[in-house]
Amino acid sequence: MKSLFKKKLPPIVGLDIGTRQIKAVWLEQTKEGFMLQGYACEPINKIAFSEREIKDYESVSVALKKVKKALKSKIKHVNVAVAGTSVLSKVVHMDPDQSDYELENQIEIEADSLIPYPLEEVYLDFEELGASPTHTGKVNVLLTAAHKDIVDSRLLLAREANFEPKIVDVENYAIGNALDYFYTPTETQQPLCCVNVGASLLQICVMKEGEVVYTKEHGYGLDHLVTDISAIHMMEREVAERHLLEGTLAANWVDDTLPIFAANLQQHINRALQMYMTTMHAERPSQLLLSGGAATIAPLVDMLNQDLGIDVVCFNPFDNMAINPKLDVDQLNSIAPQLVVATGLASRSFMPWHI
């Protein structure tokens, strides 16, 4: 009977503002599970970012407005995410049974020594994770700080496109949410290791028993592949990127250009895994979930499978999800791994959050 009066939470669109594309995912929860109601993926037509900082607001704004139109929804609420060197996350150890107010005061003291920016230049947030397994009598608290400029620029652009931001998350934790909600591991598949390769970043997220236990970002991505294509095939960078996105490159690019990028990517993935193994005293994963733009290039996935010595599986967050019959499933499947961050952001609709 109580379920009849249970208030249904309004859906919130996951909005992933990447450096080269903007992705959006609209999910709803049903009695049977989750349903994808809509999605959008729009390229940013110019080089609008330097690192993760927005330099060309107009180009990003145009892409955002196209995303809003493509979703064909009146939903305004969105969740966005930040990443890059201006975003810091660290687990600190605090006394238990403190109120949010007491924790906040303690966090500010901790943050002052941990964050390489003046506190007035950053947004701080924290979440208590539970008892610390390594520090007796303490609780683990996740401290996250993001430079105000990187947050405010995304909020401003989202609002200009007639969206209303509700949550600002961290991309690596959005990946973790997507894994937690939308990937079904085998019984022996612990921990889960996902590598997300976007335009400018390689992000690694490791989950164990439903908790994110390790995250790290590395400055390498598909921008390097675009540069290789541009140089080897003697075309403008923007033209090379458009052909790559549209799948209209000459057939020989897989033989004369892709192996160079694949070899470099393999080295970066191995380095990322080695850093994880050293930090966490963990064994090398037997399986790697691959997401981001790199996971949509089938020959690249094949090369990584052969050369890494690990079972590389593309992470499609919609595999076990109902799909709105109005959507083009073939088109969705071709870009699904790129929508992992946006899907993780959309999943925040189904969990409690605070302001």
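This is a predicted model: local features need pLDDT of at least 70, side-chain atom pairs count only at pLDDT 80 or more; totals for chains, interfaces and linings use all residues.

Start with the largest nonpolar core, which has 37 residues. Which of its residues touch the most other members? They are Leu-225, Leu-265, Ile-269 and Leu-300. Several elements give two or more residues to this core: the strands β11 (192–197), β12 (202–208) and β14 (287–291), and the helices α6, α7, α9 (258–280) and α10 (298–308). The most comes from α9, with nine residues.

Take Leu-300 as an example. Setting aside neighbours within four places in sequence, Leu-300 is in contact with Leu-258, Phe-261, Ala-262, Leu-265 and Ala-294. There is also a second, separate core, of 32 residues, and among them are Trp-26, Ala-63, Ile-75 and Ala-161.

The crossing of the two is right-handed. On the α9 side, the contact is made by Leu-258, Pro-259, Phe-261, Ala-262, Leu-265, Gln-266, Ile-269 and Asn-270. On the α10 side, the residues are Pro-299, Leu-300, Met-303, Leu-304, Asp-307 and Leu-308. Sorted by class, this contact of α9 with α10 has eleven nonpolar residues, two polar and one charged.

The second pair is α6, residues 223–232, with α7, residues 237–246. At what angle do α6 and α7 pack? The angle is about 115°, and the axes are 9 Å apart. So α6 is roughly perpendicular to α7. This crossing, of α6 and α7, is right-handed. From α6, the residues that meet α7 are Asp-223, Leu-225, Val-226, Thr-227, Ile-229 and Ser-230. From α7, they are Arg-237, Ala-240, Glu-241 and Leu-244. The contact of α6 with α7 divides into five nonpolar, two polar and three charged residues.

Staying with α6, which of its residues are buried? Leu-225, Val-226, Asp-228, Ile-229 and Ser-230 are. What covers these buried residues includes α7, α8 (253–256) and α9.

After α6 comes Met-234, and its phi is positive, near 50°.

Note on methods
Residues are numbered from 1 along each chain as its sequence is written. Side-chain values use heavy atoms; hydrogens and water are left out. Axes are lines fitted to C-alpha atoms, for helices over the stretch in contact, and angles run from 0 to 180 degrees between N-to-C directions. Helices (H or I, at least four residues) and strands (E, at least two) are DSSP runs, numbered from the N terminus. Angles under 35 degrees count as roughly parallel, over 145 as roughly antiparallel, 65 to 115 as roughly perpendicular and the rest as oblique. A crossing is left-handed if the near helix is turned anticlockwise from the far one by less than a right angle, and right-handed if clockwise. Contact means heavy atoms within 4.5 Å. Ala, Val, Leu, Ile, Met, Phe, Trp, Tyr, Cys and Pro count as nonpolar, Asp, Glu, Lys and Arg as charged, and the others, Gly among them, as polar. A nonpolar core is a set of buried Ala, Val, Leu, Ile, Met, Phe, Trp, Tyr and Cys residues joined through side-chain atoms within 4.5 Å. Buried means under 20% relative accessible area, exposed over 50%, partly exposed in between (1.4 Å probe, protein chains only).
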